[in-house]
Amino acid sequence: MRVLITGGNGYIGSHTCIELLAAGHAVTIVDNLSNSSPAVVERIARIAGRQPEFHQLDVRDAAGLERLFARQAFDALIHFAGVKAVAESVADPLKYYSNNVCGSALLFDAALRHGVTRLVFSSSATVYGEAARSPIGEDAPLAPANPYGRSKRMVEELLADLCRANPGLRAVALRYFNPVGAHPSGRVGEAPGGIPDNLMPYLCQVAVGRLPELTVFGNDYPTPDGTAIRDYIHVVDLAQGHLKAFDYLEREGGMHFINLGTGRGTSVLELLAAFERVNGVRIPHRMGARRPGDTTETYADAARAAQQLGWSTRLSLEDMCRDAWCWQKLNPAGYA
Ligand code: NAD
Ligand code: UFG
């Protein structure tokens with residue numbers, strides 16, 4: 001297959017390109033480089049041993065998309081491109097509705113007019129909102145609590161409407177839990193600009209000496225060690241889930257919503273301890289206040305992915321910690 005990947009230079013997109021190329025597919029990347037480096041393309045090619053095609057393009061550039069689709073036919077589309085910072089989405093909602101919702105609508109319009117029938121969309125567990133009880137199944141009530149989450153849910157609904165209106169169209173919205181880790185080569189990984197918001201990249205930057213200490217956001221949660229629980233999933237497992245979603249769309253029509261998580265919860269202190277143990281490093285840390293908007297416990301019911309995609313995670317928390325640290329050590333300043 002020739003697969004169009006939007007946001008292919010980003011964290012999850014780059015790992016998915018590697019898996020697609022390794023499986024023999026041809027890959028075309030579209031990315032506006034707003035949150036990624038042009039250097040990623042060569043890194044992907046070196047690891048996979050095959051070259052992806054790259055176009056610097058914003059998915060809101062309708063004329064640019066038209067030129068791309070007119071030049072080349074695609075069998076499938078994976079749509080990663082978008083913005084993803086919850087706090088920024090509260091301060092600047094239009095950035096989120098423009099990139100994530102308008103961008104998706106323009107992209108799907110071009111894809112449909114040019115005969116693409118298989119779409120995979122990067123959604124998020126954030127569509128479930130704060131009250132959902134873990135393990136969270138796909139039929140749990142949806143209540144995204146911020147503009148980022150609402151933008152993801154809107155695109156899911158847009159896709160479902162498109163599938164209803166176009167019987168030949170097949171789509172999956174994959175709801176990711178907490179992707180962490182990096183390719184085991186240490187040559188691609190997560191490279192957030194500025195001070196990271198998320199736990200694993202923050203922890204890595206403390207370990208490498210770029211940040212002085214980690215603040216644990218709350219140790220008074222009703223959990224065994226008092227810290228909040230999440231479902232951390234290795235980004236390579238997550239990437240492979242996308243290939244399974246393609247296989248599924250060969251067999252099944254219509255619109256599908258599928259969680260990608262391990263189905264296991266890990267607390268902040270458990271992750272910290274695993275990172276120190278596996279990597280033989282000390283992470284200076286202190287207890288701080290809860291972060292507003294954080295949930296106590298969020299982990300997936302991963303049964304639907306197992307049953308429908310035949311996919312479940314293979315990599316452990318130790319693999320996540322080892323590979324994240326390998327990437328950070330080899331690339332202390334990301335791709336810079
Ligand atoms: P990322 O920022 O590393 O990758 C996104 C890529 O899209 C970047 O390379 C960026 O330059 C590009 N991009 C952004 N807006 C664009 C636009 N308008 N046109 C073209 N390219 C654009 O993020 P990621 O962590 O790899 O996330 C990928 C997708 O997965 C996003 O849609 C995100 O919302 C979703 N997701 C991520 C997480 C997570 O924790 N990382 C969790 C759930 C869902
Ligand atoms: N945490 C700390 N210290 C830090 C950073 C995080 O203690 O410096 C804690 C958080 O309070 C939380 C846990 O580590 O308990 C994980 O936090 P992350 O920011 O890594 O992940 P979240 O689960 O909060 O957020 C993720 C995505 C969001 C998405 C959300 C819900 O990053 O984009 O899941 O699906 F909206």
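Modeller: An oxygen atom of ligand 2 lies 3.1 Å from a polar backbone atom of Thr 126. This is a polar contact, meaning a pair of N or O atoms within 3.5 Å; within protein, one atom must be able to donate a hydrogen and the other to accept it, and residues adjacent in sequence count only if both atoms are side-chain atoms. Side chains also take part: an oxygen atom of ligand 2 is 2.8 Å from an N or O atom in the side chain of Arg 291, and an oxygen atom of the ligand is 2.5 Å from such an atom in the side chain of Asp 294. Of the 680 Å² of accessible area that ligand 2 has on its own, the protein covers 87% (Shrake-Rupley method, 1.4 Å probe; for residues, only the protein chains shown count as cover).

The model is predicted: local features need pLDDT of at least 70 and side-chain atom pairs pLDDT 80 or more, whereas totals for chains, interfaces and linings use all residues. Residues are numbered from 1 along each chain as its sequence is written, chains are lettered from A and ligands numbered from 1 in the order in which they are written, and side-chain values use heavy atoms, without hydrogens or water.

Around ligand 2 there are 21 residues, of which Asn 198, Thr 215, Arg 230, Arg 291 and Asp 294 come nearest (near: a heavy atom within 4 Å). Helix H7 (199-207) and strand S8 (214-217) each give two or more residues to this shell, and S8 has the largest share, 4 residues. Helices (H or I, at least four residues) and strands (E, at least two) are DSSP runs, numbered from the N terminus.

Arg 230 belongs to strand S9 (residues 229-230) and is buried, with a relative accessible area of 12%; buried means under 20%, exposed over 50%, and partly exposed in between (1.4 Å probe, protein chains only). A polar atom of the Arg 230 side chain lies 3.1 Å from the backbone oxygen of Thr 295. Among the residues that Arg 230 touches are Asn 178, Arg 264 and Asp 294, contact being heavy atoms within 4.5 Å.

Turning to strand S5 (residues 118-124), 7 of its 7 residues are buried, so the strand is largely enclosed by the rest of the structure. S5 pairs in the parallel sense with strand S4 (residues 76-79) over 4 bridges and with strand S6 (residues 170-176) over 7 bridges; pairing requires at least two DSSP bridges.

Conventions: Lists of a residue's contacts leave out its neighbours within four places in sequence.
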